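Morning, everyone. Please take a look at the structure on the screen. I'll walk you through a few of its parts.

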Amino acid sequence: MANVAVIGAQWGDEGKGKVVDWLASRADIVVRFQGGHNAGHTLVVGNETYKLSLLPSGVVRGKLGIIGNGVVLDPQALLDEIARVGAQGLRVTPENLRIAENVPLILPLHPALDRAREAARGAGAIGTTGRGIGPAYEDKVARRAIRLCDLAEPETLGRKLDELLLHHNTLLRGLGAPEFGKEALLQELLALAPRLLPFAEPVWQRLDEARRAGRRVLFEGAQAVMLDVDHGTYPFVTSSNTVAGNAAAGAGIAPAAIGTVLGIAKAYTTRVGAGPFPTELRDEIGRRLGERGREFGTVTGRARRCGWFDACLVRQAVKVGGVQGLALTKLDVLDGLPEIKVCVGYRIEGAELRHLPAGMQAQAKAEPIYETLEGWSESTRGARRWADLPATAVKYVRRIEELVEAPVALLSTSPERDDTIMVSDPFAG
């Protein structure tokens, strides 16, 4: 049996939580390999709804969860999340959660800088969550990050904080924001150490042992390909590589061990925050998609922008992300529409393109070229077999496969875990 990496194939919020939860029931280990608590997965299990931002989804299913070194970890956010799911009856301990000892930490100064920068941008704000993700990744690349393993070395922690504060306080001062003192941060980290260090280990060793033992590993991505810092709609992107190729570096495992890459896409398109969105609908249909799809960010609570399915965007994500199969979600949200449009290309100042260009101005000018398909009046909600779907809904799915040049491996027809049509088994390799 192969391992599986799950990534978003649009701008995030595609329903990865349900799909990962569904797959996690058949995995042994679930690994988060990038991002931070700026992304959320909503899992509906019976009468319980779990909203996870840092915890790997597998812990809900009693599987071992691993937070890889490619994540940036807010210690307090993690402890708060553990307490929150604990109140729902889910116990998280070092027995079912391990954290890479070299994971970089998000400190209080990171969200402070994040928010101060967004405020300074004014109308040019890029729509960050203000949770310090970008500044924490900057520190990692600049080699001044405080990592989880540093909490075990209090004698060097003070020196590292000196370097960190020299950089951040200079920026905060320039932005007119309050500065941070060393002693308060040092005491906060020392107080967190005994609560966090029991979770720490060189997780690459555990993953190597799992590979040798033939255990099934599910790599859980956050955000999506079009928010990738290299391949997304820059600068309206996240601060990490969201493509499946980063699962190897972000977890500490060989690239060949990633296995099957499953891309998650909604049957329409949504986006949170600022940035280009060629198929966005600002009319009654857009409002209907948002209402029926309950399109609000799990982490931010912000209303998502909604639009028609963008096949060019998803095809681009398939190629860049190495997607071998799609999990198409929220098909039921399209029920009752007499006709459905799909973007098959863009028109930019008279020229036609079949991909979204990298330039910021060109992206903003992209006008969608639509193909109109017949809708369906019957309900698809809760369907678990192809035979349960209206013929026009099946035609819609097949047309998407042709346009994005990837097969649909899973089809989700409601938030419920079992309302899923499996076309091919991602774990079969």
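Helices here are DSSP runs of H or I with at least four residues, strands are E runs of at least two, and both are numbered from the N terminus.

A word on the source. This is a predicted model: local features need pLDDT of at least 70, side-chain atom pairs count only at pLDDT 80 or more, and totals for chains, interfaces and linings use all residues. Residues are numbered from 1 along each chain as its sequence is written, and side-chain values use heavy atoms, leaving out hydrogens and water.

Now strand E5, residues 64–67. Leu-64 and Ile-66 point one way, Gly-65 and Ile-67 the other way, and all are buried.

Which strands pair with E5? Pairing takes at least two DSSP bridges between two strands. Strand E2, residues 29–32, runs parallel to E5 over four bridges. There, Arg-32 stands opposite Ile-67. Strand E6, residues 97–100, is also parallel to E5, with three bridges. Arg-98 in E6 is the bridge partner of Ile-66.

Last, the cores. A nonpolar core is a set of buried Ala, Val, Leu, Ile, Met, Phe, Trp, Tyr and Cys residues joined through side-chain atoms within 4.5 Å. The largest has 70 residues, and Phe-219 and Tyr-396 are among those with the most contacts inside it. Apart from it lies another core, of 38 residues, including Ala-77 and Leu-189.

Methods:
Buried means under 20% relative accessible area, exposed over 50%, partly exposed in between (1.4 Å probe, protein chains only).
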